Amino acid sequence: MTKITFQNSNPVFFKALKEKVNAYCAQNGVSKTGDLLLLSKSLLIVSSAISIYIFLVFFTPGIAVSVLLCVLFGCNLAFIGFNIMHEGGHGSFSKYKWLNDVSAYSLNALGGTIYFWKQRHNIEHHTYTNIEGLDHDIDIKFMRMHQEQPKKSYHKFQHYYWVCLYGISYIVWILYQDFEKYFKITKSPEAKPIPLKEHIIFWITKVSYLTIYLIIPIIMVGWIWAITGFLIAAIVCGFSISMVFQLAHVVEGTQFPEPNKDSHKIQKEWAIHQISTTANFATKSKVISWFLGGLNFQVEHHLFPGVSHIHYPKINKLVKETCKEFDVTYLEHKTMATAFFSHLLHIRKMGAA
């Protein structure tokens with residue numbers, strides 16, 4: 001794979017911004033990681049998910065209540081991902097490494113594999129955001145997300161069928177893509193070998209997931225209701241995760257830069273590249289910020305992934321200020337709804353173009 005680089009010989013924009021962020025932390029005596037409020041919120045979210053699971057599986061409420069609880073359970077799983085796993089995976093949940101590790105491994109409790117996620121998300125997505133062939137988060141089967149991707153005849157309908165693809169994304173990820181990646185790595189002599197510990201964790205994760213999310217519910221409530229409930233929760237979770245990502249990177253105005261064909265270089269410093277490929281939404285809404293773990297502040301997150309989302313509202317002001325100083329375009333939608341419609345308009349345009 002060709003190595004892509006950025007114009008970082010004199011990153012004046014990012015230097016100026018980092019100085020302001022460091023000064024803010026120093027003057028206010030704040031740690032860049034999470035605090036007790038974040039820990040308390042995380043315990044509440046985890047307790048909520050466990051309580052819903054126990055009530056659904058062992059107390060079997062009526063159909064209407066069960067459907068509602070399955071929807072809430074799916075949302076709850078996504079909230080664990082946004083608030084706990086994501087922060088732990090970036091090492092920003094706590095100043096204690098062991099607590100970051102525990103938080104990161106909450107992904108395995110959701111059926112995923114943190115070992116794979118860190119490679120795909122922390123390295124590929126955060127370094128090469130919206131670059132075709134390197135950021136696999138914009139490589140969605142049956143979808144055309146930007147102009148450089150080849151157009152197929154069925155893409156003209158993608159603004160209709162996107163709901164199905166986003167909905168099944170979590171199921172495909174957990175029950176297919178992880179296995180595909182695992183066996184691809186283990187069979188490839190060129191790939192970096194997976195450590196023995198991670199082999200063991202991978203299989204324990206998958207067996208435990210199938211046991212907790214399918215086998216025990218099937219035993220307790222029957223296979224029809226168990227699978228129905230699983231599908232409702234998994235589709236809600238997948239849709240929630242997909243939408244948060246899409247509203248941050250695949251809306252009108254976000255760019256999909258191409259490296260220079262000769263130098264293989266992006267003609268921007270890395271920080272400006274992050275801003276041009278990322279959009280914020282609903283930054284004034286404390287409710288949305290609380291549930292999404294600050295991922296509506298995607299610009300700040302991409303610039304400072306090692307900083308907890310609890311600091312993003314303050315950093316957001318510094319980012320806007322610095323963008324104005326350096327004449328850098330900053331993209332933000334005032335509400336989640338406007339970001340949502342912007343995404344729909346974008347994929348419709350990509351299907352028609």
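1. Let's start with the contacts: among those joining residues at least 6 apart in sequence, 71% link residues at least 24 apart. Contact here means heavy atoms within 4.5 Å. Keep in mind that this is a predicted model, where local features need pLDDT of at least 70, side-chain atom pairs count only at pLDDT 80 or more, and totals for chains, interfaces and linings use all residues. Residues are numbered from 1 along each chain as its sequence is written, and side-chain values use heavy atoms, with hydrogens and water left out.

2. On overall build, the protein has 14 helices and 4 strands. These are DSSP runs numbered from the N terminus (helices H or I, at least four residues; strands E, at least two).

3. How much of the protein is buried? Of its 353 residues, 49% count as buried, where buried means under 20% relative accessible area, exposed over 50%, and partly exposed in between (1.4 Å probe, protein chains only).

4. Now the inside. The largest nonpolar core has 49 residues, and Phe 73 and Tyr 170 touch the most other members. Such a core is a set of buried Ala, Val, Leu, Ile, Met, Phe, Trp, Tyr and Cys residues joined through side-chain atoms within 4.5 Å. Among the elements giving two or more residues to this core are H2 (36-59), H3 (63-89) and H7 (158-187); H3 gives the most, with 9 residues. Leaving aside neighbours within four places in sequence, Phe 73 is in contact with Ala 49, Ile 52, Tyr 53, Tyr 213 and Ala 233. A second, separate core of 27 residues includes Phe 13, Cys 25, Leu 303 and Tyr 312.

5. Have a look at Tyr 161, in helix H7. Not counting residues up to four places away in sequence, Tyr 161 touches Phe 142, Met 143, Tyr 154 and His 155. A polar atom of the Tyr 161 side chain lies 2.5 Å from the backbone oxygen of Phe 142.

6. What about disulfides? The count comes to 0, going by cysteine sulfur atoms within 2.5 Å. Cys 70 is too far for a bond because the closest cysteine sulfur, in Cys 75, is 11 Å from its own. For Cys 75, the closest is in Cys 237, at 8.6 Å, so that is too far as well. Cys 70 counts as buried at 8% relative accessibility, while Cys 75 is partly exposed at 22%.

Technical notes. Polar contact = N/O pair within 3.5 Å; in protein donor to acceptor, adjacent residues only side chain to side chain.
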